Amino acid sequence: MTVDLNADLGEEVTDDAALLAVVTSANVACGYHAGTGAIMRAVCAQAAERGVAVGAQVSYADRAGFGRVALDVPGAVLREQVADQVGVLTAIARAAGTDVRYLKAHGALYHRTMDDEEQAAAVLAGSGDLPVLGMPGVLLDRAAASGRRVVLEGFPDRGYGSDGRLLPRDRPGALVTDAATIAARAVELADPPAPGRPVASVCVHGDNPDAVAHAVACRTALEAAGHTLAPFA
C-alpha cells in the first residue's frame, strides 16, 4: 500500500517550495523546455532537505513550445541532449547533497517514446542506468528488457482515451480541474477496484496554477485510503 506522488518542478510556473512539501518525487526540468541552473539548484537543495527524490525530466530542446512540440531529432543528437540534461542535473543535485534517482521524459518526448523505437533508444542510451518512470510503451519495454527498473505512473488530472493513452490536450475531457475529482482518481489509479496492475506513482502536473492544491488533495485522499506515501526511488 505504498505509493509515490510525483510532480513536475523547476518549470517556472508554480510554487516549487509548496509542492516539495507535499510530493515524494520531483521531476526537475533540466533547462531544455524550462528551468535554469539557479532554479535547479534551489529545487534540489529543498528536495534534499525534505527527503524528496529528484528525477531528471528530459525533453526536446523546445523552450518556445514548452517541450510539447514533437521534433524530428536524429537519434545520436537526442542521445547527447539527454546525456547533457541528466549530467547537468546530476552535478547540481550532488552539490546539494542528493542525486538524480530516476528519469522521466517530458511532453512530446514522453509521448513519442511510447511508440518510437529510435527515440526511445536514444533516451535510454543518454541516461545511463537510471530507473525510468512513465506509461506503458516502447520506452518502458526497452528499459525493462535491458535490466533497468521501470515504474508505472498515472495521471489523475488528465483524461484517458479508450486506448489507455492520455487524451490530447485540445480534446474535451483532457484536463481535469476539480480537486475532489482529481483526488478520487488518484486513489483509483493507486488501488483500482477492477483486476489489474495499479500504478506505483501518481503524477500531478506542476504547470497548473492549482498544482499545489491538487497535490494536497491527492496526498490527503491517498493517505485516507490507507496508502503510505514514499519515493519509489
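Look at helix α8, which spans residues 211–224. Glutamate 223 and arginine 219 sit 4 residues apart in this helix, so about one helical turn separates them. The two form a salt bridge, and their closest N and O atoms are 3.1 Å apart. Keep in mind that you're looking at a predicted model. How exposed are the two partners? Glutamate 223 is partly exposed, at 41% relative accessibility, and arginine 219 is partly exposed too, with a relative accessible area of 22%. Elsewhere, salt bridges that share partners link Asp8, Lys104 and Glu153 into one network.

How many salt bridges turn up in a search of the whole structure? The count is 12. One of them pairs glutamate 12 with arginine 63, with 3.4 Å between the closest N and O atoms. Glutamate 12 lies in the loop between β1 (2–9) and α1 (16–20), while arginine 63 lies in the loop between β3 (53–58) and α3, so this pair ties together parts that are 51 residues apart in sequence. Arginine 63 counts as partly exposed, since its relative accessibility is 43%.

While you're in that part of the model, check the backbone of glutamate 12. Its phi is positive, at about 65°, even though the residue is not a glycine. Phenylalanine 66 also has a positive phi without being a glycine, this time near 55°. You'll find phenylalanine 66 in the loop between β3 and α3. Is phenylalanine 66 buried or exposed? At 18% relative accessibility, phenylalanine 66 counts as buried, because the cut-off for buried is under 20%.

Finally, head over to helix α5, residues 117–125. Which residue caps the N-terminal end of α5? That's aspartate 116: one of its side-chain oxygens lies 3.0 Å from the backbone nitrogen of glutamate 118. Further into the helix, Gln119, Ala120, Ala122, Val123 and Leu124 are buried. What do these buried residues pack against? Their neighbours include three helices you can pick out in the model, namely α3 (75–95), α4 (107–112) and α6 (138–145). The strands β4 (100–105) and β5 (132–134) are packing partners of the buried α5 residues as well.

Notes: Residues are numbered from 1 along each chain as its sequence is written. This is a predicted model: local features need pLDDT of at least 70, side-chain atom pairs count only at pLDDT 80 or more; totals for chains, interfaces and linings use all residues. Side-chain values use heavy atoms; hydrogens and water are left out. Buried means under 20% relative accessible area, exposed over 50%, partly exposed in between (1.4 Å probe, protein chains only). Helices (H or I, at least four residues) and strands (E, at least two) are DSSP runs, numbered from the N terminus. Contact means heavy atoms within 4.5 Å. A polar contact is a pair of N or O atoms within 3.5 Å; within protein, one must be able to donate a hydrogen and the other to accept it, and residues adjacent in sequence count only if both atoms are side-chain atoms. A salt bridge is a side-chain nitrogen of Lys or Arg within 4 Å of a carboxyl oxygen of Asp or Glu.
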